[in-house]
Amino acid sequence: MPVAHLKEKRYIIGCSDLALTLIVLFSNKSEAPMLIQRSLVHNLIVNYRDLFKKELTDREHAQISLLSEKLDKCVIEVAVFGMVSKGKTSVLNALFGQNLGETGAINGVTKESCIYEWKMPSSSLANTQKSKKLQLRFVDTQGIDEVGGEVGSYISLEVAKRSDLILFVIAGDMTRLEQEAIAQLQIFYKPILLVFNKTDLYPESDRHTIFEALQNVDMQRLISPQEIVLIMAKPKPTKVRIQYSDGRESQEVWEQPKPDVQPLRERILSLLNTEGKVLLEVNVLRSLLELQEAVTQRYLQKLQVDRSILALVFIGEAIGLLLSPSLWLDGVINGSVNSLLVLLLIGKYPSQKKYLWLMLIVAIAALCGILGIDSELTRYLQILWSGLSLSFLSSRITHDIQNSQGYGRLGARKLMEEIIESVPHSSILRRFKTFS
Ligand SMILES: Nc1nc2c(ncn2[C@@H]2O[C@H](COP(=O)(O)OP(=O)(O)OP(=O)(O)O)[C@@H](O)[C@H]2O)c(=O)[nH]1
Ligand SMILES: [Mg+2]
């Protein structure tokens, strides 16, 4: 589906409560954890792009550039998912202390994904920190049950795929549909925080019962207890009676209690602070892996066809050489057919340009034939040389493919597993292993 079909609104937001906390958090660090210099991941992306420069489509080039930019700029994307009217937009409004999006009691207030992008203003950082940029993107989505049709599902899928962290908002005990949605989101191996919103609607005892139910054994396969946070993003207005000291009649008014999203804010910040860098790296690697798998698949299909053609042409050439009556003709057949094949392969697989020297072997083989050093010997040598050079070239192409596959030298899977293996056991990333 073309990217143009994605309907998203993008807003750049200024300072907010969350942003301010982050500035303090990140500028206090002597070694900002999310700052990724020339990391292993970055090198892997650059090396992969260099090797497959010519073979990648424009779209793939753009995707790789985006991944590299995401790493360089430390862009962390947090997506908010949940059923309609559970308070997704209210959670964002409360987190940022601003009215970012419209909220309402009817289902489906948010009609399209909205990206709230907050760029750390460079003026807010000391000179030494200026290079250490951080970008946070929060994506508000339509309710999962509201997403109708192919385009809607595709958008949600795309948002889930590219996000680094998912906030799944519920407003009470979980329904089967919500459990299924979480299980689906886990396909993308993204850390998920379960946000139990609207807790003001429950008396303390009910709230506790629901919280316990969310931690039962079945649920723990989906979400661990540390990943559940209880909040109230927009508590129901309450009636308060105002008593006047000057003797006026008392009056009842509606008062809007303050939201309480501090547990969520703290959980996000501590997560980003301790695991932001690895979350970002693993996510970038996962996207790269997906791209690599598509490129490799295409490459393998192309190679399979080319190998069969190559074998047929080579057999034809060998028969031609054996049957040819003149040494001159041998040289011409050998020189022209082999040069054509080598050039064709290098033309189709530009990463093999470094093997252009094979043309020299082909030329020598042809020259030997033309000079007629020994008609029988040169004939067999010509066949042998062309066979060897062509099989060498095709084995180098296969080698490149193996390098670019998941566990190859340039494969994203190996590095991703190494990173996940290196994080502490308490890390949210460790949960991915359960689902792999
Ligand atoms: N009591 C209570 N109501 C809340 C809370 N948070 C949100 N609401 C109300 O829930 C309703 C839906 O809130 P939204 O933020 O629009 O929910 P949403 O999930 O974004 O809804 P859609 O965009 O329609 O999917 C609104 O009437 C809010 O006032 C809360 O903590 N407590
Ligand atoms: Mg909404």
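**A buried loop residue and its surroundings**

Guide: Lys-198 has 21 other C-beta atoms within 10 Å and is therefore buried, as the cut-off for that class is 20 or more. The model is a predicted one, and the remarks below apply to that model. Lys-198 sits in the loop that runs between strand 6 (192-196) and helix 7 (204-214). Its phi is near 60°, which is a positive value in a residue other than glycine.

The loop in question lies between strand 2 (75-82) and helix 4 (88-96). Ser-85 has 22 other C-beta atoms within 10 Å, so Ser-85 is buried too. For context, 34% of the 436 residues of the protein count as buried.

Helix 4 gives the most to the shell around ligand 1, with three residues. The shell holds 27 residues, and the closest are Gly-87, Thr-89, Ser-90, Thr-103 and Thr-110. By class, the residues around ligand 1 comprise 13 polar, seven charged and seven nonpolar.

Glu-180 is part of helix 6 (residues 176-185). With 12 other C-beta atoms within 10 Å, Glu-180 is exposed, since 12 or fewer is the limit for that class. Gln-297 and Gln-405 are 108 residues apart along the chain, while their C-alpha atoms are separated by 9.5 Å.

Helix 9 (residues 262-323) also packs against helix 13 (residues 412-422), at an angle of about 160° and with the axes 9 Å apart. Angles over 145 degrees count as roughly antiparallel, so helix 9 and helix 13 are placed in that class. Their crossing is left-handed. On the side of helix 9 the contact involves Val-278, Glu-281, Val-282, Leu-285, Arg-286, Leu-288, Leu-289 and Gln-292, and on the side of helix 13 Ala-412, Arg-413, Leu-415, Met-416, Ile-419 and Ile-420. That contact has ten nonpolar, three charged and one polar residues.

Helix 2 (residues 40-51) and helix 3 (residues 58-73) pack at an angle of about 160°, with their axes 10 Å apart. That angle makes helix 2 roughly antiparallel to helix 3. Helix 2 passes helix 3 in a left-handed crossing. Here Val-41, His-42, Ile-45 and Arg-49 of helix 2 meet Ile-64, Leu-67, Ser-68 and Leu-71 of helix 3. Sorted by class, the residues in this contact are five nonpolar, two polar and one charged.

At the level of the whole protein, there are 14 helices and nine strands. Among contacts between residues at least 6 apart in sequence, 76% join residues at least 24 apart.

Technical notes: Residues are numbered from 1 along each chain as its sequence is written. Chains are lettered from A and ligands numbered from 1 in the order in which they are written. This is a predicted model: local features need pLDDT of at least 70, side-chain atom pairs count only at pLDDT 80 or more; totals for chains, interfaces and linings use all residues. Axes are lines fitted to C-alpha atoms, for helices over the stretch in contact, and angles run from 0 to 180 degrees between N-to-C directions. Helices (H or I, at least four residues) and strands (E, at least two) are DSSP runs, numbered from the N terminus. Angles under 35 degrees count as roughly parallel, over 145 as roughly antiparallel, 65 to 115 as roughly perpendicular and the rest as oblique. A crossing is left-handed if the near helix is turned anticlockwise from the far one by less than a right angle, and right-handed if clockwise. Two residues are in contact if their C-beta atoms, placed from the backbone, lie within 7 Å. Ala, Val, Leu, Ile, Met, Phe, Trp, Tyr, Cys and Pro count as nonpolar, Asp, Glu, Lys and Arg as charged, and the others, Gly among them, as polar. A residue is near a molecule or strand if its C-beta atom, placed from the backbone, lies within 6 Å of it.
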